[in-house]
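Here are some notes to read alongside the model. They are set out as numbered points.

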Amino acid sequence: MGKREIERAEIVCGELKQTIPETRVELDYSNALELMVATVLSAQCTDVKVNEVTADLFAKYRRAEDYVGVDAGELEQDIRQTGFFRQKAKNIRATMEILIAEHGGEVPGDMEALVRLPGIGRKSANVILGNIFGVPGIVVDTHVGRVSQRLGLTKEKDPVKVEKALGALLPEAEWTAFGQRLVLHGRYVCKARKPLCDECSLIAHCPHFAREMS
Ligand code: SF4
């Protein structure tokens, strides 16, 4: 981490606040349990599809006990449209068993406990911690990794190392929103195959664009 990366991170952070004022995750939820289930379902599935499925799912399953109170096959059918539904149903039921046995049926608010839950990785844990518990964390998904590299904020590829590298560039208070803005920037502007550089407010600060133009 150098002075140049810190300065660039501050500029990127400021610009993205202008272009993406709203930082809410695009998954629909009204409590911690729903956000946790939605993050499990979002693996290899679009947020739009997850929201379609959870509109009915969350009306039917309200507590951890509800997910283990039905046959595995019933839950599988209820989440079928999100893909990989057998594994996801297995993970959700196993997670609910742990919540009931160890956390009074509630979602725990610390990283260590969250990443022990089947189907919850560090990325999902950071989504839950940031949006439910107000614990600062940078969500690193494929978009964040790609955009961070293009913008010259880090050369790291491993998500945990990217998370640490980005965290070192900005104050903790910025982490959660910055990560979410990078996700949205990557999803809609700095796309994997064809980044929309002409529409990007970061163009003047982007080493990737400068390289492509040279
Ligand atoms: S200028 Fe292009 S490559 Fe750079 S961040 Fe913007 S969209 Fe991505």
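1. Is Lys-161 buried, exposed or partly exposed, judged by its C-beta neighbours inside 10 Å? The model is a predicted one, and in it Lys-161 has 14 C-beta neighbours inside 10 Å. A residue is buried at 20 or more and exposed at 12 or fewer, with partly exposed in between, so Lys-161 counts as partly exposed. Lys-161 belongs to helix H10.

2. Helix H9 covers residues 142–150 and helix H10 covers residues 159–169; their axes come within 11 Å and cross at roughly 55 degrees. That angle makes H9 oblique to H10. The crossing of these two helices is left-handed. On the H9 side, the residues that meet H10 are Val-144, Gly-145 and Ser-148, and their partners in H10 are Pro-159, Val-162 and Leu-166. By class, this contact of H9 with H10 holds 4 nonpolar residues, 2 polar ones and no charged ones.

3. Which residues of H9 are buried? They are His-143, Val-144, Gly-145, Val-147 and Ser-148. After H9 comes Gly-152, with a positive phi near 70 degrees.

4. Two residues deserve a look for their backbone angles. In general, most residues other than glycine have a negative phi. Gln-44 is not a glycine, yet its phi is positive, near 60 degrees. Phe-84, also a residue other than glycine, has a positive phi near 45 degrees.

5. Where do these two residues sit, in the loop between which helices? Gln-44 is in the loop between H2 and H3, while Phe-84 is in the loop between H5 and helix H6 (85–102). Gln-44 has 9 C-beta neighbours inside 10 Å and therefore counts as exposed. Phe-84 has 16 other C-beta atoms within 10 Å, so Phe-84 is partly exposed.

6. Helix H2 (residues 32–41) and helix H3 (residues 47–60) have axes that come within 11 Å and cross at roughly 140 degrees. Angles over 145 degrees count as roughly antiparallel; at roughly 140 degrees, H2 is therefore oblique to H3. H2 passes H3 in a right-handed crossing. Glu-34, Ala-38 and Leu-41 supply the H2 side of the contact, and Val-50, Val-53, Thr-54 and Phe-58 supply the H3 side. The contact of H2 with H3 divides by class into 5 nonpolar, 1 polar and 1 charged residues.

7. At what angle do H5 and H6 pack? The angle is about 120 degrees, and the axes are 9 Å apart. H5 is therefore oblique to H6. The crossing of H5 past H6 is right-handed. From H5, the contact takes Ala-72, Leu-75, Glu-76 and Ile-79; from H6, it takes Phe-85, Arg-86, Lys-88, Ala-89, Ile-92 and Arg-93. These residues of the contact of H5 with H6 divide into 6 nonpolar, no polar and 4 charged.

8. Gly-69 lies in the loop between helix H4 (64–68) and helix H5 (72–79). It has 12 other C-beta atoms within 10 Å, which means that Gly-69 is exposed. The cut-off for exposed is 12 or fewer. Arg-93, one of the H6 residues in the contact with H5, is 24 residues from Gly-69 along the chain, and the C-alpha atoms of the two are separated by 9.4 Å.

9. Last, the ligand. Which of the 13 residues around the ligand come nearest? These are Cys-190, Pro-195, Cys-197, Cys-200 and Cys-206. The shell around the ligand is made up of 11 nonpolar, 1 polar and 1 charged residues. Cys and Pro count as nonpolar in this division.

Conventions: Residues numbered from 1 in each chain as written. Predicted model: local features only at pLDDT ≥ 70, side-chain atom pairs only at ≥ 80, totals over all residues. Near = placed C-beta within 6 Å. Axes fitted to C-alpha atoms, helices over the stretch in contact; angles between N-to-C directions. Helix = DSSP H or I, 4+ residues; strand = E, 2+ residues; numbered from the N terminus. Parallel < 35°, antiparallel > 145°, perpendicular 65-115°, else oblique. Left-handed = near helix turned anticlockwise from the far one by under 90°. Contact = placed C-beta atoms within 7 Å.
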